[in-house]
Amino acid sequence: MKSRFIINFLLLVVYGNVNGQEMRPSGFTLSSAHLQTGCIFAMLFFLLAAVLVLKKKVSMLQKKRRELQQKGDSKVFRAHMHKLTGKQIETIIKYKAWKKTGRQSSLMLLLSVLITGSANNLTAQPMTEKGELLSQGGIIITIILVLIPIIAAVLLFIVRLNRLITQHKNKLNMQEAAKFAQYLQTLTDEELSETLKKRKTALEYTLANNELSGNEPPEDSKGLLNINQEPGLPIVAIKKKALPRPNIDPALSKLVLWYLGCATFWLLFGTTVGEYVGIKFVAPDIDQSSWLSFGKLRPVHTNSVFWGWASLGMLGLGYYIVPRVSNVKLYSLRLGWYALYCINACVLIGSICLMAGINNGGGEYREYIWPVMLLFGVALGLSLINYIKTIASRTTREIYISNWYMVSAIIFTIIISLAAYIPYWQNGLGETIIQGYYMHQGVGMWFMLFTLGIVYYFLPQQLNKPIYSYSLGVLAFWTQILFYTLIGTHHFVFSSIPWWLQTVAIVGSAGMAIPVIAGTTNFLMTFNGAWYKVKDSYTLPFFLVGTVFYFTGSMQGTAEAFRYTNLLWHFTDFTVAHSHLTMYGIICFFLWACIYAVVPRLTGKEAPQITIGAHFWLALIGMLFYTIPLMYGGTLKGLLWMNGKPFMESVTMMAPYWLWRAIGGSLMWLSHLFFAYNMYKMIARRPETDIRETAIDQLKQNLSTGHTTLYNHL
Amino acid sequence: MEFFDNHKKLFGTAAVMFVTLTLVVAIMPAIHNQNKNKPLAGAVEPGDDVIKGKAVFIANGCVACHTQQVRNVDMDKVWGSRPGIAADYANIRRTDFWRNTATLMGTERTGPDLTNIGNRQPSQDWHLVHLFNPRIVVKESVMPAYPWLFTIKKKISAQDIAVNVPSSYLQDKESKVVANKDAVYLVAYLQYLKQAALPDGKNAPEFLYKQTQKQLPGNGDNTNAVNGKELFAANCQACHQANGEGLPGAFPSLKGSPVVTGDNLQLYIDIIMNGYDANPGYGVMPPVGTNMRFTENEVAAIVNYERNSWGNKGGEITPEEAKKIMEAIQLKISKE
């Protein structure tokens, strides 16, 4: 009976009030009775700790005294001898030399100055307060007032006791010092010269700083040093410059740059719309125009950053990576350009359609009608042919893991789009099941899979070391396919789609821990041993943030899929925070990292470090301002709903969190302006003439004209 | 490995794996559900106006904030009398050649769920005012205004559907607001959104995760746990307003109302439970109490709140009295 009670009590402690039936947050409140007992326990604990510390000190003292008595003095002194510093040894040698001249020492006096400890006889007041657990305010105050002097007295007593022990310890030390000084006096001169002098030279040895270089003047014969001649006043830490690389086919460079440039445009466009939509939560009557209405602009925002910014950015980087790791030229530049035209047309027409009210039916990310989305599908098909043909003609034996991820992402996305737009299974609940599948595969199999592929190329490149484990990458690849494909319907938990399908989705979401942990481990272990590179690189911080959010954002997704968290968070702003944590924290940060890594290689120009820094910090801080208030407010909203409060209460409650979202969103948007400026600086033709480059060109010209004149003479 | 060095085998395997899983987890369940589920006998096929209204709903992206699904969890029971079932969506088919099926279940509930809005708020007057600018009737609302669904005129003709907009929301104080066809269609669609009754003898699936009722210490019954003010805010305030004064010309004032403060409790509770449409010049009041399945405790709480707020001074009633009156009204209705 008793054991059963204990078990019940433990269960209550462990699980609190959170069980399936009640679903309420813990009802624990601090009462004055709790406070009183808490105080008394804390005091007792403190006293006990003080007593234990004092006891330990006393026993150490006793041990020391016993050692002094038992151990041979010479043993102790030899230990002391070994611990002497160079300066102390010098004093001893001087003393010995002085003593040789026959004068009597007063060192003894100097060493044996004693500080006498005064005896303390402070008596502690007896601790007999019996806190009656009354919850009356007056009594509590009285008890506190009584306790204050008692506690002060106890504290004083402990401090005094501690000082007494220290004094006693010093007394013992003095005795030992006196003995040691005597011992030093009795030492013979031979012993001195032998042991002490050797010890002194050993202690005082320092490097001359020219052991390796010799006395020759310095010369950087291998071009390793890069000294900034005019440092000026640095505002930001100076980071390493991008390494000049062998030139890439200018035609391919142009294609990649156009992809990235268009992506930047759609980022600016899409997030300007997003920022405006966010402001509408705070000021719903900011405009009353049909084309700028919230419901129409929201899909314009999501679709243009998805299909315009992130997709073009990824494909552009893919066009750089695929020929690189296959060690051949790209199969067809022309197909690449066609794909670019198609996607730009798709997003442009799609955005206009949405604002004009032509909407496929309201399924998220499926708002473009099929003729518009077909353009995107064609672009995917063209890119797939281009990538596969390039890989087929590769000169390397193996297919680098980046290509696994990127090519599979394109194949899967074509399949996803077909499943989403073919009408034969879209009636009634069929539409909902496909919608759940589509929206999540779009995110996970297109953006996440493709971006992982890009990171598998650029992260090792930027760290200048191979990826930590190829096998982990392979494991993550196959498990991602296995689990991610299943999780779509977790957006419709508790809806009328079949219960088993919901359960499969939840299980799949839990399974996602495997590829996520494998991927994160792989990236972090690749960083390992090269952490010092993070601080003098401007691309690696982006990779690091991306990696951190890859873990936290993805695992948050798993947590959100469970049934209880669906009660709390589904339909609230928490979901919006999650999608920004992942699409922004993971995808955008990784893309920026790779763009800052690749564009200087294509153009030979870098962006100013201060604006890259501004981009990084504004984006990071803005995203945190955006997501954390929304997660907090979303949780409060869910709790209000669960407690059956009026709906409008959940709207008014959100107002401050929506304001924070608008502030964070503005910072993010500002960071994109910096990013666009950086892109401009990296791509645009430099108006200033490069003095050194022009001089060399002139020399070359002279050389060629010289050749012709020579030829003419002949 | 040889296998992974062959691009055809590698990408072929990945594609086959993905297609197989897609078939199992998405396409086959989708086909199965679309073929198996049939609409309920009580479900009404949408008329022309409703179909046009739904198109307006889709074009304006209303689904971004309004869900249309009552989940089988207790917290969702304010949105419908029963959890949504597969049959509720069975009569929704492809919109047209260009556009996909729109079940409009939604994933975000920035605004209220609309599954049962046709029962919860059937008043055309209210919807039109609310669409013109939601803040006229719900001060704290963040919903967009839809002025392009209306025309502002100097004079109203006989066919026009006039909207009762307070002059402070108009630039020209003398002008009148008339609903366009799109607004009327949209309201027709919202009025159409009702949960169909289950066939007799079929039990609705249960709401899960039931909230245990709050018990106040030392109080045998739960009267005190029911908060009249919150019930009013959730069910009445949209029309009668937080200050109880309603909206002149659209929704009657409860402040100083003879029905609220008077002695005819049977009429009063009848209106709460079964609605009211006898007051010319005002909109139709829906049967709020029946829709929300008010208990006698809840009815008493609302009555007591209304009778003792905004300067009203009426006597309190007990749940037992409310129960008696509700039973009497029930008897009267069944006799008719």
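Chain B contains 12 helices and 3 strands. Both are DSSP runs numbered from the N terminus, with helices (H or I) of at least four residues and strands (E) of at least two. The model is predicted: local features need pLDDT of at least 70 and side-chain atom pairs count only at pLDDT 80 or more, while totals for chains, interfaces and linings use all residues. Residues are numbered from 1 along each chain as its sequence is written, and chains are lettered from A and ligands numbered from 1 in the order in which they are written.

Along the principal axes, the C-alpha atoms of chain B fill a box of roughly 90 × 60 × 40 Å. Chain B has 336 residues, of which 42% count as buried. A buried residue has 20 or more other C-beta atoms within 10 Å of its own; an exposed one has 12 or fewer, and a partly exposed one lies in between, with C-beta atoms placed from the backbone. Among the contacts in chain B with a separation of 6 or more, 67% join residues 24 or more positions apart. A contact requires that the C-beta atoms of two residues, placed from the backbone, lie within 7 Å.

Chain B is divided into domain 1 (48–192) and domain 2 (225–335). Domain bounds come from an automatic or database domain assignment. The centres of these two domains of chain B, taken over C-alpha atoms, are separated by 25 Å. At their contact, 12 residues of domain 1 of chain B meet 10 residues of domain 2 of chain B. On the domain 1 side, α3 (117–120) and α4 (124–132) of chain B are the elements that give two or more residues. The largest share, 3 residues, comes from α4(B). By class, this side of domain 1 of chain B has 5 nonpolar, 5 polar and 2 charged residues. Here Ala, Val, Leu, Ile, Met, Phe, Trp, Tyr, Cys and Pro count as nonpolar, Asp, Glu, Lys and Arg as charged, and the others, Gly among them, as polar.

The contact between the chains takes 72 residues from chain B and 71 residues from chain A. On the chain B side, α1 (7–36), α2 (48–59) and α6 (228–235) each supply at least two residues. Of the elements on that side, α1(B) gives the most, with 18 residues. The side of chain B that touches chain A has 43 nonpolar, 18 polar and 11 charged residues.

In chain A, the assignment gives domain 1 (33–101 + 134–203) and domain 2 (251–696). Their centres, taken over C-alpha atoms, are 62 Å apart.

Two helix pairs of chain A were examined. Helix α12 (residues 401–421) and helix α13 (residues 429–463) of chain A pack at about 165°, with their axes 8 Å apart. Axes are lines fitted to C-alpha atoms, for helices over the stretch in contact, and angles run from 0 to 180 degrees between N-to-C directions. The angle makes α12(A) roughly antiparallel to α13(A). Angles over 145 degrees count as roughly antiparallel, under 35 as roughly parallel, 65 to 115 as roughly perpendicular and the rest as oblique. The crossing of α12(A) and α13(A) is left-handed; in a left-handed crossing the near helix is turned anticlockwise from the far one by less than a right angle, and in a right-handed one clockwise. The residues of this contact of α12(A) with α13(A) comprise 19 nonpolar, 6 polar and no charged.

Helix α21 (residues 609–642) and helix α22 (residues 647–683) of chain A have axes that come within 8 Å and cross at roughly 165°. α21(A) and α22(A) are therefore roughly antiparallel. The crossing of α21(A) and α22(A) is left-handed. Their contact has 25 nonpolar, 9 polar and 3 charged residues.
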